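Please open the structure in a viewer and keep the selection tool at hand.

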Amino acid sequence: MYKYLKIYHSPDLKGSVKISGAKNAALPLIASTILSKKEVTLSNVPNVADVNTLLKLLKNLGANYQFTNNQLTIETSTINKTTAIYEIVKTMRASILVLGPLLSRFNKCEVSLPGGCAIGARPVDLHLKALSLMGAEIKIEGGYIKAKGKLKGTDIVFDKITVTGTENIVMAAALAKGKTRIINAAKEPEVVQLCESLKESGIDIQGIGTNEITIYGTDGELIELKNTEIIPDRIEAGTYLAAGAITNSKLTVTNAEPNHLESVLLKFKQMGFKIEIKDKNITIHPANKINSIDILTSEYPGFPTDLQAQFMAIATQANGVSVIEERLFENRFMHVAELNRLGANITIQGKIAYIKGPTPLYGADVMATDLRASSALVLAGLIAKNQTNVHRIYHLFRGYENLIEKFTNIGAKMELLYEPNP
Ligand code: UD1
C-alpha cells in the first residue's frame with residue numbers, strides 16, 4: 001500500500017507560506033557535529049525524511065539526539081562505531097557527508113558507497129581523491145569505502161565544483177594537521193553556512209563564499225561547535241514562488257532569504273512576474289502575459305538545478321518556446337515525460353529541453369522520480385483540469401516539510417491516499 005498524492009484543480013492560490021530551514025544546509029551542519037567535543041543545538045532544522053535519515057545514521061554510530069519542534073540537540077561524544085551501513089546510506093546519497101568528519105576524528109571509517117540514483121551516476125570520486133591527497137589510504141571493498149590514516153592539510157583542486165565534496169573536505173580539514181587549500185570550491189549558501197559555523201567555533205577559515213577556501217586544522221583536537229540556526233531553504237522558497245507563478249496568483253513566502261535567490265527572482269521577472277521584497281518576505285504578483293524563458297543551470301550564484309523542473313512546469317504556461325539546459329546532472333529530465341502525460345509539449349535534445357507553451361494541462365496519473373521532479377508534478381497538478389495523482393510521493397517528503405499543510409493553507413486542494421495493491 002503505497003501513498004500517492006491526489007491534487008485537485010486549484011488554479012487560484014493566495015496568502016503566504018513560511019519557509020523552513022534548508023535541508024541542504026542542515027545535512028552538513030548535522031554531519032559536522034561529529035567534530036564537536038560537546039553537545040550542540042541546531043535550530044530551524046526541517047523535519048524532512050533526509051534529515052531523519054542522517055540522524056538515524058548518526059544514532060547507529062552511537063550518537064544521541066533529541067529532535068522536536070525543529071530544534072535538534074545532538075551529542076556525538078558517544079560515537080563508538082565508524083561504519084556507515086548500507087541499509088541507511090542507500091536511502092540517501094548525502095550520507096557521504098559523514099565520511100570527512102568520521103575519518104578526521106577517528107583516523108578510520110567505512111562508508112557504504114552511495115551508488116547511482118535516478119538523476120545520473122553522481123559519483124563520489126572527487127571526495128575520495130581529495131581525501132587521498134590529504135593522506136588517507138582509501139580502498140573500495142564489498143561496496144564500502146574503507147578509509148584510514150591521519151589527515152594532513154594540502155592543496156586540493158576540484159576538477160568539478162562539488163557541493164557535498166567541498167563540505168566533506170572542509171570538515172575533514174578542520175581536524176587535519178596544518179593548512180588545507182580548496183581551489184574551485186563550491187560557493188553555495190549552504191557551504192558558506194557550514195564554514196561560518198566552524199569559524200565561529202574557533203576554526204581559522206579564510207575565503208568563505210569564494211572559490212578558494214583555506215582551512216587551518218586543529219591536528220585532531222575536537223571543536224567546541226557553537227549552536228546554529230539553519231538558513232532558510234532557498235529551493236523550498238523558489239518552489240512556492242513557482243506555485244504562485246504557474247497559477248498566476250499573488251503569493252508571499254515569509255522567513256526566506258532573498259539574497260540567496262537572486263538568479264531565480266530574475267528569471268521570474270523575465271517571465272513577466274512582479275517580485276516584491278520586504279526584509280525576509282518575497283511576494284510574487286501575477287503577470288499580464290507569461291513570457292517564455294531561457295535557463296541554463298549552473299553552480300551558485302547561477303540558476304540552481306534544484307529549481308529546473310519547477311521552472312519547466314511554469315514554462316508550459318508561457319507564451320512561446322522556452323529553452324532549459326541542464327548542465328549539472330545527466331538524466332535530470334525524468335519529469336519531462338510525466339509533464340507531457342499531463343498535456344505539456346516538451347521535447348529533449350541531449351541536455352536541452354524545449355518547452356512550447358502555453359498548453360492546457362489535464363489531470364492524469366504521474367510518477368515522481370526524484371525530489372525536485374516530484375515538486376514540478378505537484379505544481380503542474382495545481383493547474384491541470386480534474387485530478388492528478390502523483391505516485392511515489394515519498395520523494396517529496398525527503399525535502400519538503402509539511403508540504404500538504406503548506407499548500408492547503410494557500411488554497412490548494414490535495415490529499416494523501418493509499419493505492420490498492422495491483
Ligand atoms: C548537492 C545538493 C543537491 C544539488 C547539487 C547541485 C546536497 C545534500 N545536495 O548535491 O541538492 O542538486 O548539490 O547543486 O547539498 N560529481 C562528480 N564527482 C564527485 C562529486 C560530484 O563527478 O565526486 C559531479 C556530479 O555528478 C554532478 C556535479 O559534480 O555532475 C555536481 O555535483 P555535486 O555538487 O557534488 O552535487 P551534490 O553535492 O551531490
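How many cavities of 30 Å³ or more does the structure hold? The structure holds one such cavity. On a 1 Å grid over the protein atoms alone, a cavity is a set of points where a 1.4 Å probe fits but cannot get out, and lining residues have an atom within 4 Å of a point. Grid points are joined across faces, edges and corners, and a volume is the space filled by probe spheres set on the points.

The model is predicted: local features need pLDDT of at least 70, side-chain atom pairs count only at pLDDT 80 or more, and totals for chains, interfaces and linings use all residues. Residues are numbered from 1 along each chain as its sequence is written, and side-chain values use heavy atoms, with hydrogens and water left out.

**The largest cavity**

Select Ala22, Lys23, Asn24, Glu190, Asp233, Arg234, Ile235, Asp306 and Arg372, which line the largest cavity. About 40 Å³ of space lies within it. Helices α1 (23-32) and α8 (234-246) each supply at least two lining residues; helices are DSSP runs of H or I with at least four residues, strands runs of E with at least two, numbered from the N terminus. By class, the lining has two nonpolar, one polar and six charged residues. Here Ala, Val, Leu, Ile, Met, Phe, Trp, Tyr, Cys and Pro count as nonpolar, Asp, Glu, Lys and Arg as charged, and the others, Gly among them, as polar.

**The ligand**

Display the polar contacts (pairs of N or O atoms within 3.5 Å). Oxygen atoms of the ligand lie 2.7 Å from a polar side-chain atom of Thr162, 2.8 Å from a backbone N or O atom of Val163, and 3.0 Å from a side-chain N or O atom of Asn24.

**Helix α12**

Move to Ser374, found in helix α12 (residues 371-383). Is Ser374 buried or exposed? Ser374 is buried, with a relative accessible area of 0%; buried means under 20%, exposed over 50% and partly exposed in between (1.4 Å probe, protein chains only). Draw a C-alpha to C-alpha distance from Ser374 to Glu419: the two are 17 Å apart in space and 45 residues apart in sequence.

Terms used: Polar contact = N/O pair within 3.5 Å; in protein donor to acceptor, adjacent residues only side chain to side chain. 1 Å grid on protein atoms, 1.4 Å probe; cavity = no way out; pocket = protein on both sides within 12 Å on 5 of 7 lines; lining within 4 Å.
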